[in-house]
Amino acid sequence: YGAGNPGGDGSGGAVFSSGTSEVLRCTFSANRASGGLGSQASGFLGGGPHGSGGLGYGGAICSSTGTVRVINSTLFGNEARGGKGASGHNEPNLQVGGAGGMGRGGALSSTDSLFSITNCTLAANGAFGGAGGISALGYPEGPAGAAVGGGILAEGANALRMVNCNVAQSVEADVFGPVSGAPNLIGGDPR
């Protein structure tokens, strides 16, 4: 008897960095970081909730610590997608499906990193929350996962530094979190 486990996290559809990385004159296109499927709970009369979907971080590049510099590059059509919650089943107290996982940073995800991007274009990237698990016996589905930072997710103690970049046409907000530097064009607005 026990609760379901969350799906594993997907971090960096093309690059995951926890050290020092430099990307120069590259194109990242159609990459995806996807969270895994949550697992079902077990046990008659309820063993705990069903597992949520895993998180998807940084469709093209994810940095959890360290230093990352991206220069003269294009990031186009990348996705961070949360995993699906586990499906419910017919045992009592286990009918409602698990929650969907979060999608965080469609092109770039930076957590506690010294991350800078210079002379870059980020377009048509997206963050998507995972679907909630299907429920049994007419109960509502598990809640869908949230999505933040369709282009860029920046969180933690260090702000993302951008100089002469264009971030546009993202699914969800173009940029989520603290960003420093200028001049930039974010969602058509000079910043």
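# Loops, sheets and a nonpolar core

Reader: In which loop is Tyr139 found?
Author: This model is predicted: local features need pLDDT of at least 70, side-chain atom pairs count only at pLDDT 80 or more, and totals for chains, interfaces and linings use all residues. Residues are numbered from 1 along each chain as its sequence is written, and side-chain values use heavy atoms, with hydrogens and water left out. Strands are DSSP runs of E, at least two residues each, numbered from the N terminus. Tyr139 is found in the loop between β15 (126–128) and β16.

Reader: Which residues make the nonpolar surface patch of about 290 Å²?
Author: A patch takes residues with over 30% relative accessible area and no salt bridge, and joins nonpolar side chains (Val, Leu, Ile, Met, Phe, Trp, Tyr) within 5 Å and like charges within 9 Å. Areas follow the Shrake-Rupley method with a 1.4 Å probe, and a salt bridge is a side-chain nitrogen of Lys or Arg within 4 Å of a carboxyl oxygen of Asp or Glu. Tyr139, at 42% relative accessibility, counts as partly exposed, on a scale where buried is under 20%, exposed over 50% and partly exposed in between. The patch of about 290 Å² is made by Val96, Leu137 and Tyr139.

Reader: Which strands stand at the edges of the open sheet of five strands?
Author: Two strands pair if DSSP finds at least two bridges between them. The order is β2-β7-β12-β17-β20, with parallel pairing. Each edge strand has a single partner, so one side of it is left without a neighbour in the sheet; the two are β2 (15–17) and β20.

Reader: What is the bridge partner of Thr111 in β17?
Author: Strands β12 (residues 108–111) and β17 (residues 152–155) run parallel and are joined by four bridges. Ser109 stands opposite Leu153 in β17. For Thr111, the partner is Glu155.

Reader: Which residue in β20 stands opposite Ile152?
Author: β17 is also joined to β20 (residues 175–176), by two bridges and in parallel. Opposite Ile152 stands Val175.

Reader: What is the order of the open sheet of four strands?
Author: Its edge strands, β1 (10–11) and β16 (147–148), each pair on one side only. β1 pairs with β6 (residues 56–57) over two bridges in the parallel sense, and Gly10 stands opposite Gly56 there. The order is β1-β6-β11-β16.

Reader: Which residues have the most contacts inside the largest nonpolar core?
Author: Such a core is a set of buried Ala, Val, Leu, Ile, Met, Phe, Trp, Tyr and Cys residues joined through side-chain atoms within 4.5 Å. β8, β13 (114–118), β17 and β18 (160–163) each supply at least two residues of this core. Leu108 has contacts (heavy atoms within 4.5 Å) that include Phe115 and Leu153, leaving aside residues up to four places away in sequence. The core has 21 residues, and those with the most contacts inside it are Ile61, Leu108, Ile117, Leu122 and Ile152.

Reader: What is the phi of Gln169?
Author: Most residues other than glycine have a negative phi. Asn72, in the loop between β8 (67–71) and β9 (74–76), has a positive phi near 50 degrees. Gln169 lies in the loop between β19 (166–168) and β20 and, at 63% relative accessibility, counts as exposed. Its phi is also positive, at about 55 degrees.

Reader: Which two residues does a cis peptide bond join?
Author: Most peptide bonds are trans. The cis bond, with omega about -10 degrees, joins two residues, of which Pro183 lies in the loop between β21 (179–180) and β22 (185–186). The pair is Ala182 and Pro183.

Conventions
Buried < 20%, exposed > 50% of the residue type's maximum accessible area, 1.4 Å probe, protein only.
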